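Please look over the model shown here before reading on. The report that follows treats a few of its helices and its nonpolar side chains.

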Amino acid sequence: MLNQFFTVSVTELTVIQFLLCILYSLVLGLFIALIHIFKNRFTKNFILTLLILPAIVQTVILLVNGNLGTGIAVMGAFSLVRFRSAPGNSREIASIFLAMAAGLAIGTGYLGVAGLLVLCVGAIMLLLQLMPLQKLQGEERELKISIPENLDYEGLFEDLFNEYTSQSSLISVKTSNMGSLFELRYKITLRGSASTQKLINDIRCRNGNLPVVLHYAQTSVGVEEL
């Protein structure tokens with residue numbers, strides 16, 4: 001009975017069994033999506049992707065079914081796909097790989113292994129998310145600062161970054177407002193006790209009260225602009 005639960009023959013699947021595998025993949029995808037949104041920033045499109053990804057991967061693996069030529073063709077088709085969305089953070093990558101691994105396990109007939117994988121890895125992800133690691137390490141943010149074109153930005157905010165951040169780096173510099181302004185983009189990691197409001201206020205004293213934008217790195221959700 002246990003062996004029948006853990007494995008299924010993928011070479012003799014009926015239509016009903018295939019539909020049940022699809023349903024099982026969607027359930028695991030929903031579970032992975034719920035784990036991902038727990039105390040995390042997300043978008044609706046990404047959650048939808050996590051929901052259907054195991055079913056898609058499972059179907060692809062069933063279609064390949066050990067055929068080397070078909071496998072190479074599928075790999076070539078997937079290599080033509082280009083993702084134009086913003087790059088994801090490490091947790092998004094982990095969720096995607098978990099969804100793909102679940103779909104791969106179901107597609108090869110290891111239904112129980114897929115379920116146990118999602119349960120074990122999901123429990124570990126939830127446990128790590130509940131631990132106060134983020135408060136100890138600080139939060140990674142992206143900082144955009146506008147300054148006049150005649151203001152030398154080299155080392156201009158160095159003392160503020162030393163006070164409020166544990167790590168900072170200049171990502172890019174570009175002109176704006178017909179060349180009258182510079183827009184500086186920094187990636188910073190805030191200290192655990194650092195106040196974002198004080199940091200922004202101190203920066204505004206340096207840049208002539210021009211716009212300052214602070215938001216979570218690699219996301220466009222929850223932007224703070226002062």
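Predicted model: local features only at pLDDT ≥ 70, side-chain atom pairs only at ≥ 80, totals over all residues.

Residues are numbered from 1 along each chain as its sequence is written, and side-chain values use heavy atoms, with hydrogens and water left out.

Helices are DSSP runs of H or I with at least four residues, numbered from the N terminus. Helix 3 bends by about 40 degrees at isoleucine 52, and proline 54 follows within four residues; the bend is the angle between axes fitted to the seven residues ending at a residue and the seven starting there. Among the buried residues of helix 3 are Phe46, Leu50 and Val57, where buried means under 20% relative accessible area, exposed over 50% and partly exposed in between, with a 1.4 Å probe and protein chains only. Just after helix 3, asparagine 65 takes a positive phi of about 50 degrees.

A nonpolar core is a set of buried Ala, Val, Leu, Ile, Met, Phe, Trp, Tyr and Cys residues joined through side-chain atoms within 4.5 Å.

| Core | Residues in core | Members include |
|---|---|---|
| Largest | 19 residues | Leu28, Ile32, Ile106, Val118 |
| Second, separate | 17 residues | Ile145, Leu160, Leu184, Ile200 |

In the largest core, the four residues named touch the most other members, and helix 2, helix 3, helix 5 and helix 6 each supply at least two residues.

Leucine 23, found in helix 2 (residues 15-37), counts as partly exposed because its relative accessibility is 49%.
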